[in-house]
Amino acid sequence: MKVGLAVPQFGINATKENLINFVQIAEREGFESLWVYDRMLYAINPQQGYGGTPDKREWPEYFKNSLDPLTTLAFIAANTTKVNLGTCIIDMVFHNPVTLAKEFTTIDILSEGRTICGFGIGWSKDEYLAANIPYEKRGERANEILQAMKKVWTDDILEFNGNFYKIPKSIIGPKPVQRPHPKILLGGFSPKTFERMIKYGDGYIGALVGSFEYFTNSIKMFNDAIKKSSRTRKDFDLTILTYPYLMKSSSEGDRAPMTGGTIEEIGSDLSMLKSSGVDRVILAVNAEKHYDVNETIEFVKELRKFCQ
């Protein structure tokens, strides 16, 4: 199972110095990929709880301070030479498809073909409001974005006439280094996500958060969608985002996924992911108050042993 790392992009210690040190050490240590993710704002009075739940409690504190994902990814490309670079995820509906396709093309060219495109449709009604995008029909909008981006990436002369987006007959170059285009991984938790993956994607980005049952259901939907299609499991990349957290004392009774009082407790969850057929795990440690690059690298190196 491949091991990727989320970079120190979120939190009060998401600094240039920490970012450069982290990505360069991670590359030297042989981690397979580096990842950024998307957060437009921290809502003071959110319409929904974290993840779109009805619970309207405050969102995570680190959402208050986040570097832009694609700008950060381009910066990482300039400070590394071989590690893969991905988004987990970009809320594509907040972007114009031509602009978004060109941004990923640029990063793919500057990184010499190391880009992985992780896309989702977001969950925050507050972010939809700020983006001036209707919350309704967001799935239909996402489908058009993926169709349009593929045309930008692959067609020498292209034209697109959708319900939400239109591109006049145009030449849009250059094209990505990776052909026909960088790998597309789609994130989400509804059946529609997996339908979209089968039709437009090359894999799925899920998350081991909340409960183990939630993860199991996502894996089942992933596998069921492939079985019902004309494609095979080998056509798809299964990536899971995790938030490992080492507690000060050993956990008793039920514990949240990827938490524990010992490395072994957290490692048992990674072993479970591997046995479930996961191709890649992303380990995310946010750059909060007491964040330290070297300590974080040593922590994830210990966890990597359970993935080999």
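I looked up Arg233 and found it partly exposed, because its relative accessible area is 28%. My cut-offs: buried is under 20% relative accessible area, exposed is over 50%, and partly exposed lies in between, with a 1.4 Å probe and protein chains only. The model is predicted: local features need pLDDT of at least 70, side-chain atom pairs count only at pLDDT 80 or more, and totals for chains, interfaces and linings use all residues. Residues are numbered from 1 along each chain as its sequence is written, and side-chain values use heavy atoms, with hydrogens and water left out.

Which residue forms a salt bridge with Arg233? I found Asp279, with the closest N and O atoms 2.9 Å apart. The pair links distant parts of the chain, 46 residues apart. Asp279 sits in the loop between helix H8 (263–275) and E13, and Arg233 in the loop between H7 and E10. I noted Asp279 as partly exposed because its relative accessibility is 25%. For a salt bridge I require a side-chain nitrogen of Lys or Arg within 4 Å of a carboxyl oxygen of Asp or Glu. Helices (H or I, at least four residues) and strands (E, at least two) are DSSP runs, numbered from the N terminus.

**Other salt bridges.** I read a total of 13 salt bridges in the structure. Arg280 forms one with Asp237, the closest N and O atoms being 3.2 Å apart. Arg280 lies in strand E13 and Asp237 in strand E10, so this pair ties together parts that are 43 residues apart in sequence. Are Arg280 and Asp237 buried or exposed? I found Arg280 buried, and Asp237 too. I then traced a network of salt bridges that links Lys2, Glu32, Asp237 and Arg280.

I also checked helix H9 (residues 293–304), where Glu298 and Lys301 lie 3 residues apart, about one turn of the helix. Their side chains meet in a salt bridge of 3.5 Å, N to O. Glu298 counts as partly exposed because its relative accessible area is 43%. Lys301 counts as partly exposed because its relative accessibility is 22%.

**Strand E10.** I went on to E10 (residues 237–242). Of its 6 residues, 6 are buried, so the strand is largely enclosed by the rest of the structure. In a regular strand the side chains alternate between the two faces of the sheet. Here I saw Asp237, Thr239 and Leu241 point one way, and Leu238, Ile240 and Thr242 the other way.

Which strands pair with E10? I counted two strands as paired if DSSP finds at least two bridges between them. Strand E9 (residues 203–207) is joined to E10 by 5 bridges, and the two run parallel. Tyr204 stands opposite Leu238 in E10. From E9 the chain crosses through helix H7 (residues 212–227) to E10, and this β-α-β crossover is right-handed. Right-handed means that, with the strands pointing away from the viewer, the path from the first strand over the helix to the second runs clockwise. Strand E13 (residues 280–283) is joined to E10 by 4 bridges, and these strands also run parallel. I noted Leu283 in E13 as the bridge partner of Thr242.

I checked E9 for burial. Of its 5 residues, 5 are buried, so E9 is largely enclosed by the rest of the structure. Gly203, Ile205 and Ala207 point one way from E9, and Tyr204 and Gly206 the other way. Strand E8 (residues 183–187) is joined to E9 by 3 bridges, and they run parallel. Gly187 stands opposite Ile205 in E9. E8, helix H6 (residues 191–200) and E9 make a right-handed β-α-β unit.

Which residues of H6 are buried? I listed Thr193, Phe194, Arg196, Met197, Ile198 and Tyr200. What covers them includes helix H5 (138–154), E8, E9 and H7.

**Leu110.** Last, I looked at Leu110 in helix H3 (residues 97–110). I noted Leu110 as exposed because its relative accessibility is 57%.

Key. Contact = heavy atoms within 4.5 Å.
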